[in-house]
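Please report on the fold of this chain. Cover the strands, the helix packing and the backbone exceptions.

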Amino acid sequence: MPYLVREHLFIGNISDAAEVLQNGSTEITHILSVLSTASISFFTEWRSSLMIPSKEIKKVYVGRSGGICSGHDDGGDGSRSSLSPEKLLYSLEYAGKDLKLVRMAVPIRDMESENLLDYLDVCLDFIDRSRKEGSVLVHCFAGVSRSAAIITAYLMRTERLSSEDALESLRQSYEFVCPNDGFLEQLKMFEEMGFKVDHASPIYKRFRLKVLGDSYNRGERIDTSKFGADPGLPAEASSGVVTTPNEGDNCTPAYRCKKCRRVVALQEHVVDHIPGEGETAFEWHKRRSGSRFNKPDESECSSIFVEPLRWMTAVEEGALEGKLSCAHCDARLGYFNWSGIQCSCGSWITPAFQLHKSRLDISTI
Ligand SMILES: [Zn+2]
Ligand SMILES: [Zn+2]
C-alpha cells in the first residue's frame, strides 16, 4: 500500500505502482516512476504476468549543451539520434487501466554516482502539477532511496526545509526513508543553491565536473556530449538553428587565445575555486561565506579552470593528462589532468582543465 506523505502525495515501491497501474485507484491519478529505465516494459520484466497498456504523450531529451531540447515527440523513429547523442530526461504517457493514469518516468539508477540533481526540477514540477489535478504516487523499486530523495527535495522546496528536516519529516509518515549517500550530498547542494538547481552556481559546476571525473575513473568512454559547447564556433542548437554564442549578452567575459584571438572559453565555463584552499567540492559554499576568508582574489591564480569544452580534442582521446592547444593556431594554452592539478595559489582542482592566463586575453563579446 502506498503511504500518504502529504495531501495528494503518496510514496511507494514497484508493487504499489503495479497495483495502481493494473487495477486503477480511486485516489491516485498520476504516477512518477523513478526506475533504471523509463519504459513501461520495466513492469513486465519485473513480473511477466503484468501487461500494462500505455500511450505516449511525449519524450523529453537533454541535448549536447545540457539544455532541454525537445518538448514533443516527433514520431519516435529514432532519427533524432543522427544529430547528437541525447539523454532521455523523462517520458510522459497515459498508462494503466483504461489509460486513465498519467505516468511520468525518469531513468535514474540507485547509485551514489548517479546525477539526481539534473532530474529534480522536472520531477518536482510534475508532483506540483499532479497534486493540483488529483493525487500522485512517487515510486521507485524498493521505495527507499530514489523516491524518498525526490520527495525529500519536494518537501524542501515547498516547505523551505533543510535536507535533514525534510528527511525527518518524511520519516514520520514513512519509516523506510533512506536515500543513498550520493543523493544525500546532492540534496545538501540543492539546499545550498536555494532549493533550485542553479546551473550557474559554482556548487553545480563542481558537481558536474565531479560526475564527469567519476565516470572517467570508472573507465567509461569520454562522451563529448557532456562537454561544454565550443565558444569559438557558432552554437549548434539542437533544433538545428544556428546562432552565435551569447550574442546580445554583451557583458560576457570571454577568454581568447593570445596568439590568434580565437574565443576559447566564456565566463560561464569557468569553475571557480577559492585561492589557496583545498578542493572539497561540497563545502565550497560554506567556506566562502565564512568570515575568515576574503573575497576570492583571482589575481593570485595564474590559471583559470574550466569545464571540458568541445575544442579540447586531446581530452576526447581518453588520456589521463595532456596538453590543451588552441583549436585554431595550435598554441599551447594549458593542461588537463583527470587526477587534478594544483593552481599557483595552492588549491587542488580535480579533475582539472587548466588554461594559463598568460596565454589568454580577456575581453567581452
Ligand atoms: Zn587558484
Ligand atoms: Zn590560437
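## A hairpin and its neighbour

Gly-322 stands opposite Phe-336 in E14. The two strands involved are E13 (residues 321-325) and E14 (residues 332-337), paired in the antiparallel sense over 5 bridges. Strands count as paired if DSSP finds at least two bridges between them. Helices (H or I, at least four residues) and strands (E, at least two) are DSSP runs, numbered from the N terminus. The hairpin of E13 and E14 has 6 residues between the strands, and Asp-330 takes a positive phi near 70° there.

E14 is also joined to strand E17 (residues 352-356), by 4 bridges, and the two run antiparallel. In that pairing Tyr-335 stands opposite Gln-354 in E17.

## Basis and confidence

This is a predicted model: local features need pLDDT of at least 70, side-chain atom pairs count only at pLDDT 80 or more, and totals for chains, interfaces and linings use all residues. Residues are numbered from 1 along each chain as its sequence is written, while chains are lettered from A and ligands numbered from 1 in the order in which they are written.

pLDDT is the predictor's confidence in each residue, from 0 to 100. Its mean for the protein chain is 85, and 83% of the residues reach 70 or more. Two stretches stay under 50. Residues 237-248 are one of them, with 18 contacts beyond four places in sequence. Residues 279-298 also stay under 50, with 26 such contacts beyond four places in sequence. A contact means that the C-beta atoms of two residues, placed from the backbone, lie within 7 Å. Where pLDDT is low, the predicted coordinates should not be read in detail.

An open sheet of 7 strands runs in the order E1-E2-E7-E3-E6-E5-E4, with mixed pairing. Strand E1 (3-6) and strand E4 (54-62) stand at its edges, each with a single partner strand, so one side of each is left without a neighbour in the sheet. Neighbouring strands here are turned by 20° against each other on average, direction ignored. Inside the order, strand E3 (residues 30-35) pairs with strand E7 (residues 136-139) in the parallel sense over 4 bridges. Ser-33 has His-139 in E7 as its bridge partner.

Another open sheet has 3 strands in the order E11-E10-E18, and its pairing is antiparallel. Strands E11 (263-266) and E18 (360-364) are its edge strands, each pairing on one side only. E10 (residues 253-257) pairs with E18 over 5 bridges in the antiparallel sense. Within E18, Thr-364 is the bridge partner of Pro-253.

## Helices around H4

Two packed helices are described by the angle between their axes and the distance between the axes. Axes are lines fitted to C-alpha atoms, for helices over the stretch in contact, and angles run from 0 to 180 degrees between N-to-C directions.

| Helix pair | Angle | Axis distance |
|---|---|---|
| H4 (residues 146-159) and H6 (residues 181-192) | about 15° | 11 Å |
| H4 and H5 (residues 163-173) | about 115° | 9 Å |
| H3 (residues 117-133) and H4 | roughly 70° | within 10 Å |

H4 and H6 cross in the right-handed sense. A crossing is right-handed if the near helix is turned clockwise from the far one by less than a right angle, and left-handed if anticlockwise. Ala-149, Thr-152, Ala-153 and Met-156 of H4 meet Phe-183, Leu-187, Phe-190 and Glu-191 of H6. These residues divide into 6 nonpolar, 1 polar and 1 charged. Ala, Val, Leu, Ile, Met, Phe, Trp, Tyr, Cys and Pro count as nonpolar, Asp, Glu, Lys and Arg as charged, and the others, Gly among them, as polar.

H4 passes H5 in a right-handed crossing too. The H4 side of the contact includes Ile-151 and Leu-155, and the H5 side includes Ala-166 and Leu-170. By class, this contact has 7 nonpolar, 3 polar and no charged residues.

From H3, Leu-120, Cys-123, Leu-124 and Ile-127 meet Ile-150, Ala-153, Tyr-154 and Arg-157 in H4. The contact of H3 with H4 divides into 7 nonpolar, no polar and 1 charged.

## Backbone exceptions

Most residues other than glycine have a negative phi, and most peptide bonds are trans. His-8 is not a glycine, yet has a positive phi of about 65°. His-8 lies in the loop between E1 and strand E2 (9-12). The peptide bond from Thr-350 to Pro-351 is cis, with omega near -15°. Pro-351 lies in the loop between strand E16 (348-349) and E17.
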